[in-house]
Amino acid sequence: MSLAGLAVDDDDLAAAETHLRRALEQTGDESLSHVIRTRLIRILISRNELDQANALSKRQEQGAFAAVYDELSGDISSRQGNTEAARAAYQQAINKLRADGRDVSTLELKLNNIGQP
């Protein structure tokens, strides 16, 4: 994961993706795998590899990371121009975070930035 961070700092997203995929294959820790997977999804979104990002985000049990995956789904949908799906995903993430008493300000900004239906 450190190598992926350094690659991102060097604006080498392809290398970051490679390092994260390798880390994902090697980890046996469920929570760590979610952290790695969400970082990888963000890299894929940045590289505009939206179909891969979407497939990766739906591939596993999300557990405590469900709101993060909902947010990423919203980011993917927004990039694809599907504002209705983005709005729904962001709202799901907001609802889950609020239920846990967590901050939703960033998600509210994302939701507001995609406009009204």
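Aspartate 70 counts as buried, at 8% relative accessibility, where buried means under 20% relative accessible area, exposed over 50% and partly exposed in between (1.4 Å probe, protein chains only). This residue is found in helix H5, helices being DSSP runs of H or I with at least four residues, numbered from the N terminus. The model is predicted, and local features need pLDDT of at least 70, side-chain atom pairs count only at pLDDT 80 or more, and totals for chains, interfaces and linings use all residues. Residues are numbered from 1 along each chain as its sequence is written, and side-chain values use heavy atoms, with hydrogens and water left out.

The count of salt bridges (a side-chain nitrogen of Lys or Arg within 4 Å of a carboxyl oxygen of Asp or Glu) comes to seven. Glutamate 17, which is buried with a relative accessible area of 9%, forms a salt bridge with arginine 47, the closest N and O atoms being 2.3 Å apart. Arginine 47 lies in the loop between H3 and H4 and glutamate 17 in helix H2, so this pair ties together parts that are 30 residues apart in sequence. Glutamate 17 also meets arginine 21 in a salt bridge (3.0 Å, N to O), and Glu17, Arg21, Arg47 and Glu49 are linked in a network of such bridges.

Key. Helices (H or I, at least four residues) and strands (E, at least two) are DSSP runs, numbered from the N terminus.
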